Amino acid sequence: MFNTFKKCCGIVAMFALYFFSAPAAYAQCDGSEITLTINLDDYANETGWTLYDASTSAIIDQAPIGTYTGQDYTTVSITQCLADGCYNWQMVDQYGDGQTSWNGDGSFSLADADGNILGSGSGNWGAAADNAFCLGEVS
């Protein structure tokens, strides 16, 4: 009888897990999808970024300097679903030389879901590179 109870409760628990997690896994973006792709150089630990709401300066998301430690020469992609409005996606470099490297420069690009480039940079873009953009109907 105990085994029957375990099977029954296990099935109920799996159904509940699926029922409550599936909608989030398949959620649609009700705004605009924006993707930041970073081709890290050999000083990935110096690279970071912050996404700001341009009207309020509120931080929406960020990866502080040090986030990509140990990920030299890899590519990372970050996708955000944003409402209509204006934003600034700021790339930062701790050393102040952008993504310049003696062994090959890094780069970044910011694109919408249709592949339109909203911002990009490679090589020496300094300590910070601001990428301001607006989406949808902006009053």
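Select Val 76 to begin: this residue is buried, with a relative accessible area of 14%, where buried stands for under 20% relative accessible area, exposed for over 50% and partly exposed for what lies in between, using a 1.4 Å probe and protein chains only. The model is a predicted one, in which local features need pLDDT of at least 70 and side-chain atom pairs count only at pLDDT 80 or more, while totals for chains, interfaces and linings use all residues. Residues are numbered from 1 along each chain as its sequence is written, and side-chain values use heavy atoms, with hydrogens and water left out.

Staying with Val 76, show the strand that holds it, strand 4, which covers residues 75-82; strands here are DSSP runs of E with at least two residues, helices are runs of H or I with at least four, and both are numbered from the N terminus. Next, display the surroundings of Val 76: leaving aside neighbours within four places in sequence, Val 76 is in contact with Leu 36, Thr 37, Ile 38, Leu 40, Tyr 68 and Gln 71, contact being heavy atoms within 4.5 Å. Of these, pick Ile 38, whose C-alpha is 5.3 Å from that of Val 76, although the two are 38 residues apart in sequence.

Now turn to the open sheet of four strands, which has the order 3-2-5-8 with antiparallel pairing; two strands pair if DSSP finds at least two bridges between them. Strand 3 (59-63) and strand 8 (128-135) stand at the edges, and because each has a single partner strand, one side of each is left without a neighbour in the sheet. Strands of a sheet pair through backbone hydrogen bonds, either parallel or antiparallel.

Within this sheet, select strand 2 (residues 47-53) together with strand 5 (residues 85-93), an antiparallel pair joined by seven bridges, and look for Leu 51, whose bridge partner in strand 5 is Trp 89. On moving to strand 3, you will find four bridges joining it to strand 2, again in an antiparallel run, with Gln 62 of strand 3 as the bridge partner of Thr 50. Strand 2 and strand 3 form a hairpin with five residues between them, and in its turn Ser 57 has a positive phi of about 65 degrees.

Finally, show the whole protein, which has one helix and eight strands, the elements running α-β-β-β-β-β-β-β-β from the N terminus on. Of its 139 residues, 32% are buried, and among contacts between residues at least 6 apart in sequence, 72% join residues at least 24 apart.
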